[in-house]
Amino acid sequence: MSQPADRGDIANPRARFERDGRPLRTKLFEQMMLIRRFEERLLELFGEGELFGTTHCYIGQEADAVGVINHLQDGDIIFSNHRCHGHFLVYGDRPELLMAELMGRVTGVVGGRGGSQHICFENFYTNGIQGGFMPTVTGMALAEKMKGSGNIAVAFIGDGTLGQGVLYEALNMASLWSVPLLVVVENNRWAQSTPVERELAGDMVTRGRAFGIDAGEIDSTDAEALYGHFGEIIAKVRNEQRPHFEVIHTYRLCHHSKSDDMRPEDEIERFRKNEPLIGARAWLTDDEARAIEARVEARVEAAVRWSREQPFPTPRHLDERVARPAPMAFEASATDAGEDA
Amino acid sequence: MSSTPATTTVLKSLNGAMHSMMEADERVLLIGEDLLDPYGGAFKVARGLSERFPERVLTTPISEAGFVGVAAGMAMRGMRPIVEIMFGDFLMLAADQLLNHISKYRWMYNDQVHVPMVIRAPMGARRGYGPTHSQSVEKHILGMPGLHVVAPSVLHDAGALLRAALLDDLSPVVFVENKLMYARRQLSAEGGRIGELYARSSSDRYPTTTVSWEPFDHADVTLVAYGGMVEIAMEAAETLFFDEELVVEVVAPSSLQPLDLQPVLDSLQRSGKLVVCEEGTAGAGFGAEVISRVSAEGFSLLKAAPKRVAARDYPIANTRSLEDMILPQVADLVRACR
Ligand SMILES: Cc1ncc(C[n+]2csc(CCOP(=O)(O)OP(=O)(O)O)c2C)c(N)n1
Ligand SMILES: [Mg+2]
């Protein structure tokens, strides 16, 4: 894959995160808020008929993305799934490209060809076949190991995807060939309409251990705790160049896709109390939180406005790719404002 | 087509190509089941590779979907993997990898990636291996946008095709080999002749070779064949020429997807009569595609209804007598060409 020589930190979430000199909690809150507001806005746009097709939101799981992805650096690979907006926004920090993609515009992440289930941005990939990409990401990690690059790969899958056979072929090979691959299982306790007790026999963590892969679990929606937890795991995968399998117990607070939530109300309410943004907001003063919320709001709105102005693909775009637009000027000033805050 | 001596077998040609590519290019690697020496793969095509390049020959668990996908990931990160599927029948275990992953990545990701890899799959029957080890399943993967399907025959330089598929073609390629063909000698043309036959080839990356008993001034039938059926088609053409004075041009494409129809149309200019053969079953197959395209692109050339010769609609039997009844034979082709 050819990339322009000077790409700055475009594929380096860790460098961007570390360069932002604000306190850890402030940064985590802002990233999660961006995911949350982006998706809430998305759902509104669907409601208003402006968006077409489907989407899978990440509401309730934001802490997972910020906990893991802020440790990834240039050259590291992410393979994610249908529920990828949060992962993408932390990795790429380009909400306008994702919004344009969801609006089917030619300047979207993949020019409208894939939609959010099928995107590629630098070393970030997603696919909509549950578990089907596990061999690909294993091969990517193996290639990086053979090249001696020191890069690692991270795969995000859901609890329901533990039912997919090809996952176990991939885990077996990842262990046999000791590839630097972190598999993050986001157990949000549901797969579409099916609760985990009806889809999964046995235990999650021992699935990883059965292949001789280090495996563990964490039951938390605390972004700071997750950030610390995955800092250690990712350093180990990188240094020891071998796989790790980690389960995060969390909860999805939104529909599976759109208007298809038939889960018991009381269960949702119970989990709502632990939702990551309430806890994270309490880390900050109300003024700090409001300033961040206002900036996020402005960013999301700018992304919507910009996307609306973008052209739809024409027949020539069947075979032709439009160059990725430069980051919105707006974002640069937003970040500056952030550093002042 | 000239680099390999006429006496080389298809197996030696493929094996030699893998040796030379791995020697010259660090990105090239081989992945599949039971590849390590001294075994060297079920059909010995990988022989000697693991001894010379132990780091780049990965013998795998029995995980066809898994290792086909692993190879795709490696290809997307700069390697040039060759996958060996032990028996072509097992390719369908990786069907989802082909359909929803490998063939789609490039376009779906807006041309930001390529997946340059080759999946070698030995197809074909006539060895008594029975229903699940004898099929020619390539028709099931024809027509997948983004996936190329290449099939050498004795009229091609198999090693050169493999090299082109891996190093010159950025698309993923399924490379259809034929088990009986491994032991056959490649027939290369010299001065437009292969022995007594007249021969011509298109100059593509994946050439189509056409042979005839006459110097392409007249023909009675255009017989399209690929892979293992090419030899059978050539036998039928010989029989018809010497016994019945019918001139049958055998047109052998090496690329099934995409398919260059021009050599078929060129031959039809002379013959006006089309027969297409394949070792798999006929329904929704290669022959159906050729006839459909000829009808659309060269209808006026046809002087007779086109015909297909293919396997009958049964699984491939284990016992020789039933296997012979099910598979297309020289006699079937002779009859169809009359
Ligand atoms: C191979 C495959 N089968 C079924 C689906 C339809 N599908 C999309 S998401 C989903 C549920 C996935 O559950 P899980 O892995 O727990 O992830 P979550 O949606 O909870 O994030 C299903 C069944 C699919 N996309 N791919
Ligand atoms: Mg789930």
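A: Contact means heavy atoms within 4.5 Å. Two notes come before the numbers. This is a predicted model, in which local features need pLDDT of at least 70, side-chain atom pairs count only at pLDDT 80 or more, and totals for chains, interfaces and linings use all residues. Residues are numbered from 1 along each chain as its sequence is written, chains are lettered from A and ligands numbered from 1 in the order written, and side-chain values use heavy atoms, leaving out hydrogens and water.

Now the interface. Chain A gives 39 residues to the contact, and chain B gives 32. Together the two chains bury about 2900 Å², with 60% of it on carbon and sulfur atoms. Buried area is the accessible area (1.4 Å probe) that two parts lose on being put together, summed over both. On the chain B side, B:R77, B:N110 and B:Q112 lose the most area to chain A, together 28% of what that side buries.

A salt bridge is a side-chain nitrogen of Lys or Arg within 4 Å of a carboxyl oxygen of Asp or Glu. Between chain B and chain A, the count is 2 salt bridges. Polar contacts across the interface number 19 residue pairs, both residues being at pLDDT 80 or more. A polar contact is a pair of N or O atoms within 3.5 Å; within protein, one must be able to donate a hydrogen and the other to accept it, and residues adjacent in sequence count only if both atoms are side-chain atoms.

Which elements of chain B touch chain A? Those that give two or more residues are β1 (28–32), β2 (57–59), α3 (64–76), α4 (95–102) and α5 (105–108) of chain B. Helices (H or I, at least four residues) and strands (E, at least two) are DSSP runs, numbered from the N terminus. α3(B) gives the most, with 9 residues. By class, this side of chain B has 15 nonpolar, 11 polar and 6 charged residues. Ala, Val, Leu, Ile, Met, Phe, Trp, Tyr, Cys and Pro count as nonpolar, Asp, Glu, Lys and Arg as charged, and the others, Gly among them, as polar.

Next, salt bridges within one chain. B:R106 pairs with B:D111, their closest N and O atoms being 2.4 Å apart. B:R106 is partly exposed, at 32% relative accessible area. B:D111 is partly exposed too, at 23%. Buried means under 20% relative accessible area, exposed over 50%, and partly exposed in between (1.4 Å probe, protein chains only). In chain A, the side chains of A:D20 and A:R22 form a salt bridge at 2.8 Å, N to O. Both A:D20 and A:R22 are buried. The whole structure holds 42 salt bridges over all chains.

One last stop is the metal. The magnesium ion (ligand 2) is coordinated by A:D159 (OD), A:N188 (OD1) and A:W190 (O), at 2.1 to 2.2 Å. Donors are N, O and S atoms within 2.8 Å of the metal (3.2 Å for Na, K and Ca); water is not among the atoms, so sites may look incomplete. The donors follow the spacing D-x28-N-x1-W along the chain. A:D159 lies in the loop between β4 (153–158) and α7 (165–176) of chain A, while A:W190 is in strand β6 (residues 190–191), 31 residues apart. Both A:D159 and A:W190 are buried.
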